[in-house]
Amino acid sequence: MAHWIACCLVAVTGVLLTFGALVTTYEAAMAVPDWPGTYGHNMFLFPFAEWFYGPWDLFLEHGHRLLGASVGVISLVLAAVAWKTRQSPAVRWLVVAAVFLVVLQGLLGGLRVLLDDKTVAKIHACTGPLFFSVAVATATLTSRRFQTRSSKEGEVHGGMAIGSWLATGLMFASYMQLVAGAQLRHLDPAIGPNAFRWLVAFHLVGAATVAVLSLAAVGESFGLLPSVYTRGSGRRLLSSTILFFVCMQVLLGFAAWVVSWGLPLGLLPDSIASRVPETSTVVVARSGLSSLIVTGHVVLGMMILGASVVLCILSGGLPNAAGASFVSRQRVIA
Amino acid sequence: MNNVIACRSVTSTLVRTKTSNVLAVLCGICIPFLAAGCGQTPAASFRLNLVESSKQRLTSSQEQQVATILTALFGTPDEPLAPPEIGLDGAKLKLAAGPVRSDIVGRKNGLYREHCAHCHGVTGDGMGPTAAFLNPYPRDYRPGVFKFKSTERADKPTHDDLVMVLRNGLAGSSMPSFALLSDAKIEALAEYVKYLSIRGEVELALMRAYFELDDEDQGVLPQSREFLFEEIIDPVSEMWAVADDAVIDVPDMPSGLDMVASIAKGKELFYGNKANCVKCHGVSGLGDGQANDYDDWNKVVFQAHKTVEGAAEQAGKASTWEMSAEERDEYRGELAWLDRFETVLDGNALRPRTIRPRNLRQGVYRGGMRPLDLYYRIHAGINGAPMPAAKGTVPPEEIWDIVNYIRSLPYDFNGTLGADRPMVARDRM
């Protein structure tokens, strides 16, 4: 039961984050100037037709709020069920964290609107992936397959093997990439080119780190690196999927840059930049394709983070080293 | 006993491991929030043209006076003002200015910050966050110079010229097309570009006006309306007001024109002394002629760097031992100015880049690919760029010949690569 609710939470959060990414892409955050209401209505009583058939910005922003509220309700239900079904302490801590984060995220979203502040928007964009990670971790830890495996192995390792370190590093690096991306997407036009250069450099170094770690994780899961863990097909498939996502993400990132700001010829020496062939084609701002690419880059980043959270747990990463017990009491009794 | 100690040691190691891991998680979570910044984003403000003020050696109180006058006249990025004498549409400015927000029927404000400011900057100084990554750099509106227009070289662009650039974008640059925006939005953006440009020109005029002050003014600009409007604002706004009447009168291409003969004539003019296009665009038309020049925007920064380097060299040669106390004070003042100018250039200007003449064999023309657009470019030259005006030296019918020749170049084999093979894409680069 808890697992299915957690899976539902992950799915709805995925849609919520996609809506959030679209809100940023279309700069629709201020389409509704009040909070927690919507144009003076109770958020849930805002006329459906006015929302659904209304302006695109309003559709996105109000839809984002409704999805946020749904995620909040699902988190509360999950917390209640986790307690009732006597899930493991780790799971219970996670659902508490989920409830805390979803409330915090709601407040941050409200503050972002009421203050119309980019800094709050950036923090809001950093908390979203954090909540998503918690939801994914909860869904993984409550799965029957994982519980069966854990109860069989009964493993709580004193230290972390190389696979665990890689998966943990990948998880953090993926998250930091979303953080750096949030800084780039909620760009304050008042910052100068020098500050932006540092942000881009940070994002590029992060991309390289994620690429190297995902490649190493594939190597480790296929037995190319020494590992104390059973090299199950699950971890192989997962790490390969992450690597595939990362490759796609690099391409999407470049495309997102091009549709946002054109070719980054300023990175090349003038002598080379002047030799790059020009075309008569110009980017069309706010086209469906450009919005899809830019938003897709964020959503794929989120998927990489989610997959690396699962890999981290399967590899006995950080939570395992911290001594967390994953097996629910019900299963222990059984 | 030994076992107990060993057990305690293992336990403490485990606890330390767990604690450090939990701390690592907490740090990982906290760093982004620190990175996002703790303070509220400050309200958007216009940046002063510090390169010009340093060049003019303005004092901080003079800079403050310029900023105060500009705010009184033009307001802030969130609340723009337009004196009626300038003739800008306040409603359009309101639509384009301010932070991005939309109302219940989907009307969006803050268009400039949504679509333009990340490259052109809030001030329109071409120093937006992304500027350094773009080649060519985004336009700095403040000198009021625009390249692609239908008016004579020294004239301002018409409103329609700005609208056309916004609608079509600029091929071969990072300027996108805003064709998906409504006409009202594009009109509003064009009006706001004019507003930023007029504001920037007034700023430059104010800074330069300090040079012409009398001793009795004591380094303070007069605050009178006569001074501000008659000497500073009116000369700028009048140029913009007459732009729509200054459109180049383009004669029709001669009817029954023999295109082959026209292209041959155009080629002759291209390589001849009369038009002398070959000097910059090169014998092959690949844009490989003269390539060491700068456009006006980069030239300002290049010359500022030269000034600083030259002054630093002079200062380095000076010997303070041989100076009187007065000269030494002057010398220290010079050093302080140099130091400040250098800092200003680092933070407020991009590295100057030379301008490369257009490669005419690629068929990519930033200002538009219609024959009419090419006629404008050849007739009036390109303001702000080394491209000179042919007006006065080349009669209109011959300009059409050059247009026809240029339009044939992407399909032309220039005969220098060997007659046995056609020109390939690589040769055109």
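These legends describe close-up views of a predicted model.

**View 1. Chain B in outline.** Chain B is built with 16 helices and 2 strands. Of its 429 residues, 39% count as buried. Take the contacts in chain B with a separation of 6 or more: 68% of them join residues 24 or more positions apart.

**View 2. The largest nonpolar core.** This core holds 86 residues. Those that touch the most other members are B:Ala96, B:Tyr112, B:Leu189, B:Tyr192, B:Ile399, B:Ile402 and B:Val403. Helix α8 of chain B, residues 183–209, gives the most to this core, with 13 residues. Look at B:Tyr192. Leaving aside neighbours within four places in sequence, B:Tyr192 is in contact with B:Leu93, B:Ala96, B:Ala97 and B:Tyr112. A second, separate core has 83 residues, among them A:Leu16, A:Phe59, A:Val102 and A:Ala173. In soluble globular proteins, nonpolar side chains tend to be buried together.

**View 3. Where chain B meets chain A.** Here 61 residues of chain B are in contact with 56 residues of chain A. On the chain B side, the elements that give two or more residues are α1 (2–35), β1 (101–102), α5 (111–115) and α6 (117–120). The largest share comes from α1(B), with 11 residues. By type, the chain B side divides into 32 nonpolar, 23 polar and 6 charged residues.

**View 4. A buried residue in a loop of chain A.** A:Ala28 lies in the loop between α1 (2–25) and α2 (48–52) of chain A. Is A:Ala28 buried or exposed? A:Ala28 is buried, because 26 other C-beta atoms lie within 10 Å, and 20 or more is the cut-off. Setting aside neighbours within four places in sequence, A:Ala28 is in contact with A:Val23, A:Asp57, A:Leu60 and A:Glu61. A:Trp4 is 24 residues away along the chain, and its C-alpha atom is separated from that of A:Ala28 by 33 Å.

View 5. Helix α10 of chain B covers residues 259–271. At 1.5 Å a residue, its 13 residues should span 18 Å. The end C-alpha atoms are 18 Å apart, so the two values agree. The buried residues of α10(B) are B:Ser262, B:Ile263, B:Gly266, B:Lys267, B:Leu269 and B:Phe270. Seen down the helix axis, these buried residues fall within an arc of 165°, so they line one face of α10(B). What covers them includes α11 (278–281) and α15 (396–408) of chain B. On the other side of α10(B), B:Val260 and B:Ala261 are exposed.

Definitions and conventions:
Residues are numbered from 1 along each chain as its sequence is written. Chains are lettered from A and ligands numbered from 1 in the order in which they are written. This is a predicted model: local features need pLDDT of at least 70, side-chain atom pairs count only at pLDDT 80 or more; totals for chains, interfaces and linings use all residues. A nonpolar core is a set of buried Ala, Val, Leu, Ile, Met, Phe, Trp, Tyr and Cys residues joined through C-beta atoms within 7 Å. A residue is buried if 20 or more other C-beta atoms lie within 10 Å of its own, exposed if 12 or fewer, and partly exposed in between; C-beta atoms are placed from the backbone. Helices (H or I, at least four residues) and strands (E, at least two) are DSSP runs, numbered from the N terminus. Two residues are in contact if their C-beta atoms, placed from the backbone, lie within 7 Å. Ala, Val, Leu, Ile, Met, Phe, Trp, Tyr, Cys and Pro count as nonpolar, Asp, Glu, Lys and Arg as charged, and the others, Gly among them, as polar. The expected span of a helix is 1.5 Å times one less than its number of residues. The arc is that of the directions from the helix axis to the C-beta atoms.
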